[in-house]
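Here's a quick briefing to read alongside the model. Keep the viewer open and click through the residues as you go.

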Amino acid sequence: MSGSDSRDAALVMAMAQGDEDAFSTLYRRYLPLVTRWCLRETGNRELAADLSAEVFAAAITASRRYRAAEGAVSGWLLGIARNKARESRRRRRVEDAARRRLGVQPVALTDVDLERVEALASLSPELQAQLQGLPAEQRQALVKRVVLDRSYEEIAVELRCSESVVRQRVSRGLKTLKSQLEER
């Protein structure tokens, strides 16, 4: 487990104990990722904002069940997002049970709020430039896996290679991006 993964896991554990600062830190760190995924999944800014809020509310209520050995916090949050999106499609509305359980009232979104959703969902120009600097095979696998949230199996079929090759390309691409970010 990398240093950032273990720090994030510690934040979830602190959040499970009621540490609001830990939640705030985790929220700020992962809101862009979750919002980007939700917007891509729904295609609708308002639904993406509602779904993102429900994901983080559910994360609070599920934080005691998080196990770092089962995966990174980012994967855990996107798993919650996937489940919430599935529930929402089935019920034809964003499920808000976690928010209601926490006593959080829905917020009316303004145009500024919706623009913020789009800003959170977009990749920064710096990250886009770093992605473009990766070898094409790594960039392609990384974008499909991390940005588009495709399974390794789907990517392997599409790229006509094994899942282990896809995993290797994603891993190498992430390591390269991480080292570039650490150099800054």
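**Starting from one tryptophan**

Let's start with Trp76: skipping its neighbours within four places in sequence, it is in contact with Val12, Met15, Ala59, Ala62, Ser63 and Tyr66. Bear in mind that this is a predicted model. The chain has ten helices and zero strands, and 37% of its 184 residues are buried.

**The cores**

- The largest nonpolar core has 28 residues, and those touching the most other members are Leu26, Tyr30, Cys38, Val73, Trp76 and Leu77.
- Two or more residues of this core come from each of helix H1 (3-16), helix H2 (20-42), helix H3 (45-62) and helix H4 (73-91).
- H2 gives the largest share of the core, with nine residues.
- Another core, of eleven residues, lies apart from that one, and includes Ile155, Ala156, Val166 and Leu177.
- As a bit of background, nonpolar side chains in soluble globular proteins tend to be buried together.

**A closer look at H2**

- H2 bends by about 50° at Tyr30, with a proline, Pro32, following within four residues.
- You can see it in the span too: the end C-alpha atoms of this 23-residue helix are only 29 Å apart, while a straight helix would reach 33 Å at 1.5 Å a residue.

**Rings and charges**

- The count of aromatic pairs comes to four.
- One of the pairs is Phe23 with Phe56, edge-to-face, with the ring centres 6.4 Å apart and 80° between the planes.
- That pair links distant parts of the chain, since Phe23 sits in helix H2 and Phe56 in helix H3, 33 residues apart.
- Phe56 has a relative accessible area of 3%, so it counts as buried, the cut-off being under 20%.
- Phe23, Tyr27 and Phe56 make up one aromatic cluster.
- Over at Tyr152, two arginines lie over the face of the ring: Arg145 at 4.4 Å from the ring centre, and Arg167 at 4.0 Å from it.

**How the chain holds together in sequence terms**

- Among contacts with a separation of 6 or more, 63% are between residues 24 or more positions apart.
- Reading from the N terminus, the elements run α-α-α-α-α-α-α-α-α-α.

Technical notes: Residues are numbered from 1 along each chain as its sequence is written. This is a predicted model: local features need pLDDT of at least 70, side-chain atom pairs count only at pLDDT 80 or more; totals for chains, interfaces and linings use all residues. Side-chain values use heavy atoms; hydrogens and water are left out. A nonpolar core is a set of buried Ala, Val, Leu, Ile, Met, Phe, Trp, Tyr and Cys residues joined through side-chain atoms within 4.5 Å. Buried means under 20% relative accessible area, exposed over 50%, partly exposed in between (1.4 Å probe, protein chains only). Contact means heavy atoms within 4.5 Å. Rings of Phe, Tyr and Trp (its six-membered ring) pair if their centres lie within 6.5 Å; planes under 30 degrees apart count as stacked, over 60 as edge-to-face and the rest as tilted. A charge sits over a ring if NZ of Lys or CZ of Arg is within 6 Å of the ring centre and within 35 degrees of the ring normal. The expected span of a helix is 1.5 Å times one less than its number of residues. The bend at a residue is the angle between axes fitted to the seven residues ending there and the seven starting there.
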